[in-house]
Amino acid sequence: MQLYKKLMRPLLFTLEPETAWHLSDLGLSQTWLWKIMGSGFQHHNELLKATVAGIPIKNPVGLAAGYDKNCRFLSSLQELGFGYVTGGTVTKNPRPGNPKPRVIRLKDQSALINALGFPGDGLEKALSEISKMASVPKKSVRIISVSGTDIADIAECHQQLEPLCDAIELNISSPNTKGLRIFQEPSNLRSLLAEVNQNKSKPLLVKTPPYKSGEGDDEKVLNLGRICLEEKVESLTVSNTVPIAHDGLAVGQGGLSGSPLFENTIEMVKTYRAEFGDSIEINACGGISSGYQAYEALKAGASSIQILTSLIYQGPRIVQSINKELSELFTNRGNPRN
Ligand SMILES: Cc1cc2nc3c(=O)[nH]c(=O)nc-3n(C[C@H](O)[C@H](O)[C@H](O)COP(=O)(O)O)c2cc1C
């Protein structure tokens, strides 16, 4: 972690966020390098074995959707010690995303605001990238996130990508994409899930929108969870970036991610767990950057955790660091899931 924090991050953070991201993509494109270095990123402990959407994973730390939108680097990312990696979000057609600037760093809060709006190369390109991975030995479970504004398009992404991965995550919660929120309407979500269920043969995760308790959306969001349960969704990812206004973004608003989200993530996980018991798995996502925080999320009722912003702030060693700290906490304090 020191090399990244002392040398690479200061260099990358002199660049505009998306330029820095493209530069780190260059590093990730060297799959051979990550294969050689991969063993140095692992931390094994039987105690950490977990499940995501019912699928066994070697540890509960997952990569959240959005880091590898076109599924180009999953072969490298799986070498970093994750229990699972989520590629995408993939949409049926290529999308330019929103105008730039569309990502802002809030360094003092270890946070980001993004208004990317799903820039991506579309389903065909993602299929060809993921097909290349068929011969790559699998080091972690692979999930692909899909989304869109049209039921038929999303169902097609689901149907075509599902055979090439272990599970699909349905993203109905990006705050930056016009039209996506239609699936936060109960009847639309039900229709979408019914369509997807027609061809579903692997576990499905749904990424739900964030809410703050007492601000009026609790019941609405929990109701989406109920629909997911009724439609046999295996797992809920709780949750996505939080809508926020910022003058530095071309579109004036985006989604906040990173440290400021953590406490509310725990509150949401506790509420979902109290509401649904063990009938559906929960993946805690939002502001997690340490083993201690991961432990808190598991204690609150999550089966796994997902990270993105802390990977950007702390570098690739963060996965091992979270797992090492989790191991110590499991040993000293016991299994948080009991
Ligand atoms: C730059 C950026 C791009 C993202 N893109 C996606 C995306 O394509 N699909 C998605 O479901 N979530 C996306 N997210 C949300 C993350 O997956 C995650 O839910 C959110 O950032 C909270 O987790 P974190 O605090 O660990 O980053 C994105 C987040 C960031 C910061």
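Predicted model: local features only at pLDDT ≥ 70, side-chain atom pairs only at ≥ 80, totals over all residues.
Local features need pLDDT of at least 70, side-chain atom pairs count only at pLDDT 80 or more, and totals for chains, interfaces and linings use all residues. Residues are numbered from 1 along each chain as its sequence is written, and side-chain values use heavy atoms, with hydrogens and water left out.

Trainee: How are H8 and H9 oriented to each other?
Mentor: Helices are DSSP runs of H or I with at least four residues, numbered from the N terminus. H8 (residues 218-230) and H9 (residues 262-276) pack at about 50°, with axes 11 Å apart; axes are lines fitted to C-alpha atoms over the stretch in contact, and angles run from 0 to 180 degrees between N-to-C directions. Under 35 degrees counts as roughly parallel, over 145 as roughly antiparallel, 65 to 115 as roughly perpendicular and the rest as oblique. The two helices are therefore oblique.

Trainee: Which residues of H9 meet H8?
Mentor: Contact means heavy atoms within 4.5 Å. From H8, Val221, Leu222, Gly225, Arg226 and Leu229 take part. Their partners in H9 are Thr271, Tyr272, Glu275 and Phe276.

Trainee: In what order do the 4 strands of the open sheet lie?
Mentor: Strands are DSSP runs of E with at least two residues, and two of them pair if DSSP finds at least two bridges between them. The pairing here is antiparallel, and the order is S5-S6-S12-S11.

Trainee: Which residue in S12 stands opposite Ile244?
Mentor: S11 (242-245) is an edge strand. S11 and S12 (residues 253-258) pair in the antiparallel sense over 4 bridges. Opposite Ile244 stands Gly254.
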